[in-house]
Amino acid sequence: LLGGSVALVLLTVPGPYAVTMVGGAPPPDLENTAPPTLALLALAAAQTGAVLLLRHAADRWLLRPRVWRGVVAVNAVALTVYLWHTVPIVMAGTTLVAGGMFPQSEVGSGEWFALRIPWLLILAVLLLGLVAVAGRWESRTSAHGPAHPSPLAVGLGVVACLAGLAGLGVGGPDGFLPSVAGVPVAELALFAAGLLALSTGGHRR
């Protein structure tokens with residue numbers, strides 16, 4: 001932990017690598033993820049050291065049945081969380097931020113850090129909703145064996161979701177199709193329709 005932290009500071013503050021580990025870096029700093037850099041490796045070493053230091057305390061905590069059941073429940077939808085975790089950022093960014101409903105401030109300021117709390121709460125609520133809809137396909141079972149969604153429902157749902165996200169990717173926060181008060185209503189409606197098809201489509205065993 002100490003070695004990784006010291007190396008990280010030396011590589012980013014006086015060194016050539018950017019302080020931010022993910023995303024673009026202002027020149028002349030070097031970006032850390034394309035390709036992965038020594039700074040990113042130092043961060044990984046520091047994080048690994050922290051986890052190893054906390055391992056025994058975490059093991060004792062996880063012996064509690066209620067805590068372990070929570071771990072099992074989260075792991076049951078881990079792939080869903082991984083695949084969908086950036087979608088809430090797109091949804092909130094194109095509605096709350098672009099529409100002026102969520103305040104913005106200078107990145108790195110005290111106000112900016114304070115706003116991270118409600119921002120993360122909003123993203124968590126949106127992600128919980130998405131996982132509640134899409135997570136069912138990851139571990140769906142029944143007394144008669146696994147149940148499978150209708151291929152047609154899955155196909156239509158995936159196409160609609162991708163069409164909505166593609167419209168935002170091409171058209172930016174306002175969307176590719178006509179927007180309402182700066183909110184990409186058409187793209188969001190396509191995405192919602194895709195989720196609806198995935199959640200209510202017919203099933204076969």
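Predicted model: local features only at pLDDT ≥ 70, side-chain atom pairs only at ≥ 80, totals over all residues.

Me: Is Asn32 buried or exposed?

Reply: Asn32 sits in the loop between α1 (2–12) and α2 (38–62). A residue is called buried when its relative accessible area is under 20%. For Asn32 the relative accessible area is 0%, so Asn32 is buried.

Me: Which backbone oxygen does the side chain of Asn32 reach?

Reply: Asn32 has several contacts beyond its neighbours within four places in sequence, among them Tyr17, Ala18, Met21 and Leu40. Its side chain also makes a polar contact of 2.7 Å with the side chain of Thr37. The backbone oxygen that the side chain of Asn32 reaches, at 2.8 Å, is that of Ala18.

Me: Thr20 is in the loop between α1 and α2. Is Thr20 buried, exposed or partly exposed?

Reply: Thr20 is one of the residues in contact with Asn32. Buried means under 20% and exposed means over 50%, with partly exposed in between. Thr20 has a relative accessibility of 32%, so the class is partly exposed.

Me: The side chain of Thr20 has a polar atom 2.9 Å from a backbone oxygen; which residue does that oxygen belong to?

Reply: A pair of N or O atoms must lie within 3.5 Å to count as a polar contact. The distance from the polar atom of the Thr20 side chain is 2.9 Å, and the backbone oxygen belongs to Val22.

Me: How many residues make up the largest nonpolar core?

Reply: Nonpolar side chains tend to be buried together in soluble globular proteins. The largest nonpolar core here includes Trp84, Leu130, Cys161, Phe191 and Leu198. At least two of its residues come from α6 (110–134), and at least two from α8 (185–200).

Me: Which element gives the most to the lining of the largest pocket?

Reply: The largest pocket holds about 300 Å³ of space. Two or more lining residues come from each of α4 (78–84) and α7 (151–171). The element that gives the most, with 5 residues, is α7.

Technical notes
Residues numbered from 1 in each chain as written. Heavy atoms only, no water. Core = buried A, V, L, I, M, F, W, Y, C linked by side-chain atoms within 4.5 Å. Buried < 20%, exposed > 50% of the residue type's maximum accessible area, 1.4 Å probe, protein only. Helix = DSSP H or I, 4+ residues; strand = E, 2+ residues; numbered from the N terminus. Polar contact = N/O pair within 3.5 Å; in protein donor to acceptor, adjacent residues only side chain to side chain. Contact = heavy atoms within 4.5 Å. 1 Å grid on protein atoms, 1.4 Å probe; cavity = no way out; pocket = protein on both sides within 12 Å on 5 of 7 lines; lining within 4 Å. Points joined across faces, edges and corners; volume = space filled by probe spheres on them.
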